[in-house]
Amino acid sequence: MEKFILVFLAIIISCVATQPPNIVFIVADDLGWNDVGFRNPNMKTPNIDKLATEGIIFESAYVQPYCSPSRTAFMSGMFPFKVGMQHKVLSDNQDVCVPLNYTFLPQELKKLGYATHMIGKWHLGFCKWECTPTYRGFDTFFGYYSAAEDYFNHTMGAYLDYRDNKLPAWDYRGEYSAYTFAQKAIDIINKHNASQPLFMYLPYQNVHAPIEVPEKYYNMYPNVVNEGRRIYSGMVSALDEAVGNVTRALKEKGLFENTLILFTADNGGPVRDYANNWPLRGGKHTIWEGGTRGTSFMYGAGLKKTRITYNGLLHAVDWKPTLVSAAGGTPETSIDGISHWESIRNGNQWSSHRTEFIYNLDDFEPALEGHAAIRVGDYKLILGYPGTPDGWHQPMNKTQDYIYDSFIYFKGDNPARLFNVRSDPTERYDVAPVKPEIVDQLRARIEDYRKQMVPALYPPPDPASHPTNFGNVWSPGWC
């Protein structure tokens, strides 16, 4: 009998050990490289800092220079220029979404038995229901479809953009979105059947414009004199508290020890909206490193080597196959993304399978977010307009707003700028004049990729989209 009990316990332990991890995928909207406490001690982000420093901090995890393209990469595992999503961001009144022939991350995880939930910002198109979260793999959705709505009344252009699954969510006016999103996540965690693996996609609104925050977070930064920077800093701390509330709920439910957390920004911080990417060059809306090197880390289940920084090249397209691998699945072979799960979990950054990627390829004029750039090995080639603003900027803590260096827009592939990003990550030394052979090699690679480029899906506004046609709510059903 005693032997039977021991065998039975061994089977239970084995089952627990082999259960796929819960996965929480957190996206911080417009978070700057230097806007977290583990890089900038003036920022108050204790929950984020603890996860990052006790996990794996990614020093070379790249994203797109704008929201919709990065989210396209996260969900589809495809470079945006190959699916027509490379130009700027989707607007509320455009009859387009990420093409429906692409399988999204939650659809892959559902095949592996996961419960899939999304809370937060979509921004991948909503002109018809088939484009929206619960039709693209999520069991539930609470959040908003667009980009820059008010944090308290949840309107975009005076019309509601807040959904509880398919229904307009009218009852949250006056409640800061980070509070609501964290509470919705907690509710899902508390109701979750622990015998089923959980996938939660949690793309917070913070810290995207408009710059708004409850007073208590604003008051956490009395030494920041610049009003905009003080509000923005408070928004980061509100985000941090929301992250802490979710991790606490996972612990209380007994799920935390078997949960893998991925945290990433969707692009560099917008410096004109008080974000900071120091010491990197540029910011959101550019293909400089400050616009495309994202704050990112991983914590939790399955990681064998932690409390390290990981310098291997990663791109937003890689998170889909990496998470599928972490869940015990086999990634698709038809996508651009590469699974880095084994390299990451073992802390073996030098075995990264990614050696090159496209920052952006956009021939739709004006390509304000940056026309063309590629990374191959240590070198980065920028062709033509790189986006704006330019320059290197310390946090905007002074009384006056800074004046940023801007480019006047120009077309074409010239000039060509070349940087050794490994030795010069802040892009201060253009080596194109002394390394013309590398310029030619990388330019040839860009031309190879151009043959795979799909024209940007960027139609003109459609008046059928107007919320007055749908009870003053931004809604699907017009394309």
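**Close-up views of the predicted model**

**View A. Pro366 in the loop between β15 and β16.** Pro366 lies between strand β15, residues 356-361, and strand β16, residues 372-376. This model is predicted. Look at the bond that joins Glu365 to Pro366: the peptide is cis. Its omega is about -10°.

**View B. The cis bond from Asn206 to Val207.** Here, too, the peptide bond is cis. Omega for Asn206 to Val207 is near 10°. Where does Val207 sit? Val207 is in the loop that runs between β10 (198-203) and α6 (215-218).

**View C. Asp30, a residue with positive phi.** Asp30 is not a glycine, yet its phi is positive, near 70°. The residue belongs to the loop between β1 (22-28) and α2 (46-53). Is Asp30 buried or exposed? Asp30 counts as buried, because its relative accessibility is 1% and the cut-off for buried is under 20%.

**View D. His285, with a phi of about 80°.** Phi is positive at His285, although this residue is not a glycine. His285 is placed in the loop between β11 (259-265) and α8 (289-292). How does its accessible area class it? The relative accessible area of His285 is 24%, so the residue is partly exposed. That class covers values between the buried limit of 20% and the exposed limit of 50%.

Notes
Residues are numbered from 1 along each chain as its sequence is written. This is a predicted model: local features need pLDDT of at least 70, side-chain atom pairs count only at pLDDT 80 or more; totals for chains, interfaces and linings use all residues. Side-chain values use heavy atoms; hydrogens and water are left out. Helices (H or I, at least four residues) and strands (E, at least two) are DSSP runs, numbered from the N terminus. Buried means under 20% relative accessible area, exposed over 50%, partly exposed in between (1.4 Å probe, protein chains only).
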